[in-house]
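The following exercises ask the student to read local features from a protein structure. Each task is followed by a solution in steps.

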Amino acid sequence: MGFVDAPVHRQSHRLRLGRGSQSRRGRLYLLHQVQLKLEAVNGKSRVEAALAMGVADRAPVGAWGHTYREEWSPEDLASVTVARAQKFGWDFVKFQPRASSFAEAFGSEYKPAGHRLKGPVLVWAAVQELDDWSKVALVNPKALQDQVDSIGMVARELGEDVPVIQTVFSPITVGGYLVGKSKSRVVRELRKHPELVRPALDRIADALVDFSRRSVEAGAAGIFYAISGYASKDAMAEGVYRDLLLPYDVGVLRRLPAEAWFNVVHLCGSNLNFALARDMPAQAISWSVHNKGNPSLAEGRTISGRPVMGGLGQRASLLYGPPQEVAAEARKAIAETGGRGLLLAPGCSVPTRAKDANLAAMVAAIAA
């Protein structure tokens with residue numbers, strides 16, 4: 001399918017079908033053919049166009065956020081994910097698993113908070129003492145298998161027209177959860193005691209690659225590889241990150257299955273060492289343009305040389321609105337990038353308190 005630049009509903013008014021030499025029947029035939037071609041534009045084709053640094057009828061749109069009550073059941077999580085995707089008309093789905101499942105898989109214990117606005121509660125961190133790194137292993141595979149089963153249900157229900165990507169935390173992000181979500185501690189222990197921490201991160205990386213493979217086999221189009229805070233200048237200098245952690249990222253991303261065609265690297269946080277994005281083997285880069293010290297969409301596209309995902313304020317416009325502000329941000333993102341190589345999305349997970357009207361404004365703003 002060829003890519004077009006104007007919205008579908010405007011195309012029939014812009015066609016130039018020739019002058020008197022063509023018969024009315026010929027003009028109607030050509031118009032019919034063009035309409036059929038445009039009707040074939042769906043979420044998958046919009047994503048494919050964006051990943052090719054182009055644009056179909058418009059930029060693809062998607063958003064995500066935790067559903068804390070439902071995420072403890074694969075079936076309930078799949079059901080609410082599908083319902084939200086269909087309600088808001090997402091072109092792609094970034095699957096939102098239970099974040100604690102990655103730490104649970106390696107021995108940490110969590111319990112539900114029992115409130116729709118509150119995430120899992122830590123009961124026991126797997127790495128209490130330094131020597132516990134030597135014991136880190138995949139001891140609860142069901143925690144990850146639940147996420148595989150759930151994304152499989154979502155992919156089957158939504159079908160090929162709406163690609164679904166699995167969230168996968170980076171090894172260091174999982175390590176941070178294992179010590180109780182302490183970025184400073186896990187980095188400090190990695191630097192001072194690499195002989196203990198590095199083998200644990202290697203085992204975590206292997207499990208994440210297998211989790212990614214099983215997710216793709218279940219129907220995922222790729223993965224959303226999340227590096228939560230560690231790629232920030234506030235956490236460490238770029239050179240330190242390259243020495244300590246980039247090999248793990250590249251190692252996981254390069255081992256993704258060939259069938260994974262829609263892989264996104266998410267750099268979470270402020271003051272990002274954004275040049276790292278150039279060395280991440282993925283189809284697109286995601287980050288928050290609204291966080292302090294981060295590049296704009298156009299700047300990030302230039303720096304990374306990749307299509308970009310983001311543009312909307314997950315903790316500002318999408319949370320508090322009004323819808324007109326969301327629409328203005330969406331139009332700004334389109335204007336800044338020309339819509340090319342853009343997947344319109346929040347900069348990170350949207351808080352559970354966000355209003356439906358603000359999420360609905362994402363698509364409405366650029367489909368009108």
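**Exercise 1. The surroundings of Gly229**

Task: Determine which residues Gly229 is in contact with, leaving aside its neighbours within four places in sequence.

Solution.
Step 1. The structure is a predicted model. Leaving aside neighbours within four places in sequence, Gly229 is in contact with Lys183, Ala235 and Cys268.
Step 2. Gly229 is found in the loop between β5 (222-228) and α10 (238-244).
Step 3. The relative accessibility of Gly229 is 14%. Buried means under 20%, so Gly229 counts as buried.
Step 4. A separation can also be stated: the C-alpha atoms of Gly229 and Leu272 are 8.4 Å apart, while 43 residues separate the two along the chain.

**Exercise 2. Helix α7 and Thr173**

Task: State how many residues of helix α7 (residues 171-178) are buried, and describe the contacts of Thr173.

Solution.
Step 1. Eight of the eight residues of α7 are buried, and the helix is mostly covered.
Step 2. The buried residues of α7 include Pro171, Ile172, Val174 and Tyr177.
Step 3. Thr173 is also found in α7. Its relative accessibility is 2%, and Thr173 therefore counts as buried.
Step 4. Apart from neighbours within four places in sequence, Thr173 is in contact with Ala226, Ile227, Ser228 and Tyr230.
Step 5. Just after α7, Gly180 has a positive phi of about 100 degrees.

**Exercise 3. The packing of α6 and α9**

Task: Decide whether helices α6 and α9 are roughly parallel or roughly antiparallel to each other.

Solution.
Step 1. Two packed helices are described by the angle between their axes and the distance between the axes.
Step 2. The axes of α6 (residues 141-158) and α9 (residues 194-218) come within 8 Å and cross at roughly 25 degrees.
Step 3. Angles under 35 degrees count as roughly parallel, so α6 and α9 are roughly parallel to each other.
Step 4. The contact involves Leu144, Gln145, Gln147, Val148, Ile151, Gly152, Ala155 and Arg156 of α6, together with Phe211, Arg214, Ser215 and Ala218 of α9.
Step 5. Of the residues in this contact, six are nonpolar, four polar and two charged.
Step 6. The crossing of α6 and α9 is right-handed.

**Exercise 4. The buried face of α12**

Task: Identify the buried residues of helix α12 (residues 297-304) and explain why they line one face of the helix.

Solution.
Step 1. Leu297, Gly300 and Ser304 are the buried residues of α12.
Step 2. Viewed down the axis of α12, these residues fall within an arc of 65 degrees, so they line one face of the helix.
Step 3. The buried residues of α12 pack against β7 (284-286), β8 (308-312), α14 (323-337) and β9 (342-346).
Step 4. Gly305 follows α12 and has a positive phi, near 70 degrees.

**Exercise 5. Backbone angles in loops**

Task: Describe the phi of Met53, the phi of Asn271 and the peptide bond from Gly321 to Pro322.

Solution.
Step 1. Most residues other than glycine have a negative phi, and most peptide bonds are trans.
Step 2. Met53 has a positive phi, near 65 degrees. Met53 lies in the loop between α3 (43-51) and α4 (74-88), and with a relative accessible area of 33% it is partly exposed.
Step 3. Asn271 likewise has a positive phi, near 50 degrees, and is found in the loop between β6 (264-268) and β7.
Step 4. The peptide bond from Gly321 to Pro322 is cis, with omega near 0 degrees. Pro322 lies in the loop between α13 (317-320) and α14.

How values were computed. Residues are numbered from 1 along each chain as its sequence is written. This is a predicted model: local features need pLDDT of at least 70, side-chain atom pairs count only at pLDDT 80 or more; totals for chains, interfaces and linings use all residues. Side-chain values use heavy atoms; hydrogens and water are left out. Axes are lines fitted to C-alpha atoms, for helices over the stretch in contact, and angles run from 0 to 180 degrees between N-to-C directions. Helices (H or I, at least four residues) and strands (E, at least two) are DSSP runs, numbered from the N terminus. Angles under 35 degrees count as roughly parallel, over 145 as roughly antiparallel, 65 to 115 as roughly perpendicular and the rest as oblique. A crossing is left-handed if the near helix is turned anticlockwise from the far one by less than a right angle, and right-handed if clockwise. Contact means heavy atoms within 4.5 Å. Ala, Val, Leu, Ile, Met, Phe, Trp, Tyr, Cys and Pro count as nonpolar, Asp, Glu, Lys and Arg as charged, and the others, Gly among them, as polar. Buried means under 20% relative accessible area, exposed over 50%, partly exposed in between (1.4 Å probe, protein chains only). The arc is that of the directions from the helix axis to the C-beta atoms.
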